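Please keep the sequence and the 3D view at hand while you read.

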Amino acid sequence: MTLHVHNTLTRRKAPLEPVEAGKVGFYVCGPTVYGPIHLGNARPLVVFDVLFRLLRRHYGEGNVRYVRNITDIDDKINAEARRRGVAIGALTAATVERFHEDAAALGCLEPTEEPRATDHVPEMVALIGRLIDLGHAYEAEGHVLFDVPSYPAYGRLSGNSRDEIVAGARVEVAPYKKDPADFVLWKPSTGDLPGWDSPWGRGRPGWHLECSAMSGKHLGRTFDIHGGGRDLIFPHHENEIAQTRAAHADAGFARVWMHNGFLSVEGEKMSKSLGNILAVRELLEDWPGEVLRFALLSTHYRRPLDFTVGLLRRARAALDRFYNAVGEAGDPEAAGVPADVLAALDDDLNTPLAISAMHGLADRVFQGDRGAAAALRRAGAALGLLGAPSRSWFQGADGDEARGIEALIERRASARAAGDFAEADRIRDELKRRGVALMDGPGGTTWRRT
Ligand code: AMP
Ligand code: ZN
């Protein structure tokens, strides 16, 4: 089966047909680096990492370009640096470093390119100049604004026409705007705010413009896939499309738009005011990154996902089961993903279905089919899971506990061998009380948390 992906633009699932045969390029909006990422931000990271792995399998490692930017020019950064009394450069550098650590802990491969807004200001200034020359942008009070009515196709991605947007008051009203839907491409920087010289005075780019400039520089004006969380559909991605396509008549921009659903926390939107922001760093103190990754992949990426502690417990239990089944078998680097797992992923990244196919493989291992263990390892690799030896999973997660459980299992085996079934049952019951289920199979006894 070929890879099918859902396209927000057409609202349909269709086979991916790259612009250039045999090669794929995709762009994902990266973090705005003013603070630690939360579990919601981790969702696109993990989802598009699975896409990256899958594309590399289909097209070959050298033929896939994954560009994920760093937004290091943004008013939230300026405000946070001021609040903390630190230099902007120091804040962004430290935040990027922590972001890389978090992404690695979540099992994400590095993207092929990671452009930073601060390295692309000349491209941004050039893009704005072109939009002005073509009559799609205008200068007003030191700002440059995109003239939305000059681009009639505006609103196709989000399904919001300019009129609906204005009527719904989903735009910021400002006296210098010709039309309420117009949005900022460039704004003036006064005092100690970061600024760059431009034909419109010292200033800084708007966020939407940054992504148009960076994607154009690294992937060209027409490329395969653009991704991000669904909150970015409007206005961020809508505005990116308008900027790039209005500036270049030949620009197709992204052909496919993929958006992940939102992560909520116990039914509520994550927000500062509710105090329910789940920093990845803090979760990593209590849970292995692989548990967070598994939890994020346990629901289809387009659906909403509600976080509860139970979600992480279930993720850990499933990983315990898989690591029990896989043992030390298999090589995550080995080629070939089991057909049902690949078919699930090829169907618009159906990770929950892939995971249920992995449970099927684990069942086979527990029924005595050791060959299924290597297949399970390879299935895990497609999702960026099961990369560690089982021993280190259990030791890393809960080494003492795992060793204690294994010692009890051995005592039970000796008791049974000696005919002392009462003692064997007592050990089984004790483990059961501790939330550990034993599975006796032809290859010996395995266990999992219940
Ligand atoms: P930001 O730093 O806010 O621009 O967000 C970085 C990425 O995380 C974007 O792709 C957002 O769409 C995504 N994102 C932010 N919050 C959530 C959430 N609660 N659930 C899923 N994705 C999110
Ligand atoms: Zn973006």
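This is a predicted model: local features need pLDDT of at least 70, side-chain atom pairs count only at pLDDT 80 or more; totals for chains, interfaces and linings use all residues.

Residues are numbered from 1 along each chain as its sequence is written, chains are lettered from A and ligands numbered from 1 in the order in which they are written, and side-chain values use heavy atoms, with hydrogens and water left out.

**Around the ligand**

Let us begin with the site. Ligand 1 sits in the largest pocket. A pocket is found on a 1 Å grid over the protein atoms alone, as an open set of points with protein on both sides within 12 Å along at least five of seven lines; a molecule sits in it if more than half of its atoms lie within 2 Å of its grid points.

Helix α1 (39-59) and strand β9 (222-229) are the elements that give two or more residues to the shell around ligand 1. Helices (H or I, at least four residues) and strands (E, at least two) are DSSP runs, numbered from the N terminus. With three residues, α1 provides the largest share of this shell.

Which residues come nearest to ligand 1? Gly 40, Asn 41, Gly 229, Asp 231 and Leu 263 do, out of 13 residues around the ligand; a residue counts as near if one of its heavy atoms lies within 4 Å. By type, the shell holds four nonpolar residues, eight polar and one charged. Here Ala, Val, Leu, Ile, Met, Phe, Trp, Tyr, Cys and Pro count as nonpolar, Asp, Glu, Lys and Arg as charged, and the others, Gly among them, as polar.

The table lists polar contacts, meaning pairs of N or O atoms within 3.5 Å.

| Residue (N or O atom) | Ligand 1 atom | Distance |
|---|---|---|
| Asn 41 (side chain) | oxygen | 3.2 Å |
| Gly 229 (backbone) | oxygen | 3.0 Å |
| Asn 260 (side chain) | nitrogen | 3.3 Å |

Taken alone, ligand 1 exposes 490 Å², and the protein buries 88% of that. Such areas come from the Shrake-Rupley method with a 1.4 Å probe.

**Strands side by side**

Two strands pair if DSSP finds at least two bridges between them. Strand β7 (residues 183-188) pairs with β6 (residues 143-146) in the antiparallel sense over three bridges, and Val 144 stands opposite Trp 186 there. β7 also pairs antiparallel with β8 (residues 203-205), over three bridges, where Arg 204 is the bridge partner of Lys 187.

Another group is an open sheet of three strands in the order β12-β11-β13, with mixed pairing. Its edge strands, β12 (268-269) and β13 (305-307), each pair on one side only. Two bridges join β11 (residues 263-265) to β12, and these run antiparallel; Val 265 stands opposite Glu 268.

**Two backbone details**

The peptide bond from Phe 234 to Pro 235 is cis, with omega near 0°, and Pro 235 belongs to helix α7 (residues 233-247). Phe 253, in strand β10 (residues 253-260), has phi near 55°, a positive value in a residue other than glycine.

Methods
A polar contact is a pair of N or O atoms within 3.5 Å; within protein, one must be able to donate a hydrogen and the other to accept it, and residues adjacent in sequence count only if both atoms are side-chain atoms. On a 1 Å grid over the protein atoms alone, a cavity is a set of points where a 1.4 Å probe fits but cannot get out, and a pocket is an open set with protein on both sides within 12 Å along at least five of seven lines; lining residues have an atom within 4 Å of a point.
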